[in-house]
Amino acid sequence: MNVIERNFFRLLRAGLFNVTEPLEPLSPWKWRRLYQLSHMLEVKNYIWQGLQTCSDDYYVTLISKDLMEKWSKPVVIEEEESEEEAACLTNPLLDRKLQAIIDEESAKEETPSRLMLLNIVQHARNILNEGISLTLLIELAQMLRMPNNNIDFEKLKMWIGKLHVQPMADLQGSLLCILLAFREEEVPFMNKSLEKTALQLTEELFNASELSTDEWYFTQKDDQIFVRTHNSRAMMWHVSHSARYSGLYPSEAVTNFFKSFANSLTHIEE
């Protein structure tokens, strides 16, 4: 990670967990870049809280007044998916198993275990499609750090096994350790560290932050027969990304990719 990214995660941890870590010096341009990243990755509110927590840090006091004013304005993040929309897999067999788990748990009061499973599943699909979702990772971290969270980790691990999502759960646990300074014992659903893959995904998080999969939908142009993307670079990134991480969830990866492809066809102009 470069100095901007290191400070980014220090401030994110400070905002989430009210802890302070010494920051490294940044030029005005680099502070603006960190501000842009906080916006693009939808964690601006947390970074602002981190700046408040680290307000006594010498390098925070050097941030320009106008940039601090921009940072201080809260952002309302619109939820893109409801819990029901997120609670699905594209592989029909796995989805039936997931729905059975949801139906069984819906009649009970014990929901934290189910919510954590849905977070892991949703993030697994997001990793296949786009990469790390800091929003989902933060939700997972907050659930784990919540006092008396009443999560049944034995049951959670049994569900993870049924859905064949253990490698993705290991990856998410590794991300918690690397990015949010969790200890491995704080992540009971993780079997082993996937540090190398987690670091690779983190690098992609910043490098590909401007290449959203929203840009690779297909459109029909004038009277041409063939359908083409309006951003071929974004589409090729998506194809290579999906292929690179398919081994972490092979039973879901293929159907997930073709569903993403099919969704793009719905954007063909009439």
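Glu24 counts as partly exposed, at 22% relative accessibility (buried means under 20% relative accessible area, exposed over 50%, partly exposed in between, with a 1.4 Å probe and protein chains only). Arg10 comes out as buried, at 16%. The two form a salt bridge, with their closest N and O atoms 2.7 Å apart (that is, a side-chain nitrogen of Lys or Arg within 4 Å of a carboxyl oxygen of Asp or Glu). Arg10 sits in helix α1 (residues 3-17) and Glu24 in the loop between α1 and α2, so this pair links distant parts of the chain, 14 residues apart (helices are DSSP runs of H or I, at least four residues, and strands are runs of E, at least two, numbered from the N terminus).

This is a predicted model, where local features need pLDDT of at least 70, side-chain atom pairs count only at pLDDT 80 or more, and totals for chains, interfaces and linings use all residues. Residues are numbered from 1 along each chain as its sequence is written, and side-chain values use heavy atoms, leaving out hydrogens and water.

In one of them, Glu186 meets Arg145 at 2.9 Å, N to O. Glu186 lies in the loop between α11 and α12 (195-207) and Arg145 in helix α9 (residues 134-145), so the pair ties together parts 41 residues apart in sequence. Glu186 is buried, at 18% relative accessible area, while Arg145 is partly exposed at 32%.

Glu186 also has a salt bridge with Arg183, the closest N and O atoms being 3.7 Å apart. Through shared partners, Arg145, Arg183, Glu185 and Glu186 join into one network.

## Asp57, buried without a bridge

Asp57 is found in the loop between α3 and α4. Asp57 is buried yet has no salt bridge; Arg10, the nearest side chain of opposite charge, is 8.4 Å away (Lys and Arg count as positive, Asp and Glu as negative; His and the chain ends are not counted). Setting aside neighbours within four places in sequence, Asp57 is in contact with Glu21, Pro22 and Leu23 (contact means heavy atoms within 4.5 Å).

## The buried face of α5

Which residues of helix α5 (residues 65-72) are buried? They are Leu67, Met68 and Trp71. Seen down the axis of α5, its buried residues fall within an arc of 100 degrees, so they line one face of the helix (the arc is that of the directions from the helix axis to the C-beta atoms). What covers them includes α2 (28-40), α3 (44-53) and α4 (58-61).
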